[in-house]
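Hi there,

Here is the structure I promised to pass on to you. Have a look at it first, and then read on for what turned up.

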Amino acid sequence: MASKPLIRRLTLMGMFIIPAGLFLFGCAESKPIILERTFVDGRTFYVERSEVTTQKISGIPAFAKEEKETQLFGALFTTAANPDGSNTVTITFDRAKYLVEDDEGIQEFDTDNPDFEEAAPQLGAILNPMIGESITVKYDKDNQVASFTGMNELVAKIDKSVGWSMRWDDMKRKFNDTQGKIQWAENPIAPLSSREAVIGDTWEKSYSFAVEHMGAMVIDKTFTVTGINKTGDHPLVEITTAMHLYNKTETESAGSGDENKGPKIEGNFKGTCIFDSELGLITRAESTGHTDVSLTPFPGANMKISIDRTYTTVVHGQGKTRGSKSWPLITGNNHYGSI
């Protein structure tokens with residue numbers, strides 16, 4: 001029979017999803033907008049990313065449950081230009097919040113409010129070691145990810161703080177250099193094609209990667225330019241995203257000689273993102289979707305996991321520390337704001 005930690009790991013699908021954003025625009029004549037990331041030496045942005053997940057497990061009474069998780073991370077992104085034309089972005093964690101609601105009640109921890117009366121110490125042991133720690137991304141001269149480091153070292157630090165817990169065993173599968181590269185390095189540039197922004201223009205990207213117990217995950221994405229606003233100091237482009245997520249199933253032995261089907265995973269997400277051509281980066285992104293997971297953990301048992309997930313990423317402005325009054329709200333409160 002499959003262990004509960006294994007079953008729970010299978011409920012965490014969607015961690016590979018690329019968020020996407022908001023707003024519709026009219027179009028005005030001016031110079032072309034190129035969809036390309038711009039790096040400026042010494043520039044720092046404060047970025048918040050949230051993830052809200054509702055999942056329901058059914059089919060096997062012993063594992064049946066419904067759970068809602070909310071995660072929020074705040075981090076400073078600082079760019080340093082290198083002599084060879086590449087750029088290094090240092091991502092320093094400034095805030096972490098985690099809330100889980102299930103049949104057993106509510107667990108919550110916010111590093112901004114660690115003395116909250118109902119704060120869960122087991123979550124604090126996971127989140128507190130993150131604050132002040134950094135991960136590092138190097139982008140080559142063609143703006144592609146050349147290297148990603150730091151997440152494995154962060155995991156080692158949290159391991160020492162926590163020891164072992166089922167919650168951390170679940171969470172840490174996103175906290176490695178492979179998954180960290182996708183979430184923190186590739187996601188911010190994924191919708192950018194280095195082409196001119198033209199309304200109706202569409203392009204596709206696909207990639208795959210191996211995940212323990214799940215086989216090869218495949219992600220097919222389609223991007224479409226749906227809005228352009230060239231009227232202000234910061235011309236903006238809206239890009240919509242459609243994504244299909246699935247896996248190529250693997251067969252595993254249960255150890256008893258019986259062969260059980262590995263999980264079958266399939267999901268679809270839609271979203272939009274905003275590209276600020278003056279800053280040369282995506283400043284807001286949102287994506288919402290649904291994923292279904294089906295598996296046979298032991299002969300005769302059919303489990304279904306239904307997952308709804310929403311991602312939001314917001315760039316708040318430029319500055320060295322969170323809340324700096326020097327950060328401009330470049331296009332007004334409709335473009336930036338707290339999540």
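This is a predicted model: local features need pLDDT of at least 70, side-chain atom pairs count only at pLDDT 80 or more; totals for chains, interfaces and linings use all residues.

In total, the structure has 3 cavities of 30 Å³ or more.

Which residues sit closest to the centre of the largest cavity? They are F77, P188, I282, T313 and V315, out of 21 residues that line it. By type, that lining divides into 11 nonpolar, 6 polar and 4 charged residues. Strand β13 (281-295) gives the most to the lining, with 5 residues,. Among the other elements that each supply at least two residues are β1 (44-58), β2 (65-81) and α5 (177-186).

The second largest cavity has a volume of about 180 Å³. Its lining is made of 14 residues, and R49, E51, F73, Q183 and W184 lie nearest its centre. Here 8 residues are nonpolar, 3 polar and 3 charged.

Along with M130, W184 has the most contacts inside the largest nonpolar core, which has 38 residues. Strand β3 (residues 87-102) gives the most to this core, with 6 residues. There is also a second, separate core of 20 residues, which includes M217, F269, M303 and I307. Leaving out neighbours within four places in sequence, W184 is in contact with R49, F73, A75, F77, I91, F93, I135, Y139, F148 and M151.

Is N143 buried or exposed? N143 counts as buried because its relative accessible area is 13%, which is under the 20% cut-off. You will find N143 in the loop between β5 (134-139) and β6 (145-149). A polar atom of the N143 side chain lies 2.9 Å from the backbone oxygen of R37. Setting aside residues up to four places away in sequence, N143 touches E36, R37, F39 and I189.

N87 is in strand β3 and is buried too, with a relative accessible area of 9%. Not counting residues up to four places away in sequence, N87 touches F39, T79, A80, A81, N82, V137, K138 and Y139.

Finally, D169 is part of helix α4 (residues 166-171). At 12% relative accessibility, D169 is buried. From C-alpha to C-alpha, D169 and D159 are 9.5 Å apart in space, and they are 10 residues apart in sequence.

Enjoy exploring!

Best wishes

Technical notes. Residues are numbered from 1 along each chain as its sequence is written. Side-chain values use heavy atoms; hydrogens and water are left out. Helices (H or I, at least four residues) and strands (E, at least two) are DSSP runs, numbered from the N terminus. Buried means under 20% relative accessible area, exposed over 50%, partly exposed in between (1.4 Å probe, protein chains only). A polar contact is a pair of N or O atoms within 3.5 Å; within protein, one must be able to donate a hydrogen and the other to accept it, and residues adjacent in sequence count only if both atoms are side-chain atoms. Contact means heavy atoms within 4.5 Å. A nonpolar core is a set of buried Ala, Val, Leu, Ile, Met, Phe, Trp, Tyr and Cys residues joined through side-chain atoms within 4.5 Å. On a 1 Å grid over the protein atoms alone, a cavity is a set of points where a 1.4 Å probe fits but cannot get out, and a pocket is an open set with protein on both sides within 12 Å along at least five of seven lines; lining residues have an atom within 4 Å of a point. Grid points are joined across faces, edges and corners, and a volume is the space filled by probe spheres set on the points. Ala, Val, Leu, Ile, Met, Phe, Trp, Tyr, Cys and Pro count as nonpolar, Asp, Glu, Lys and Arg as charged, and the others, Gly among them, as polar.
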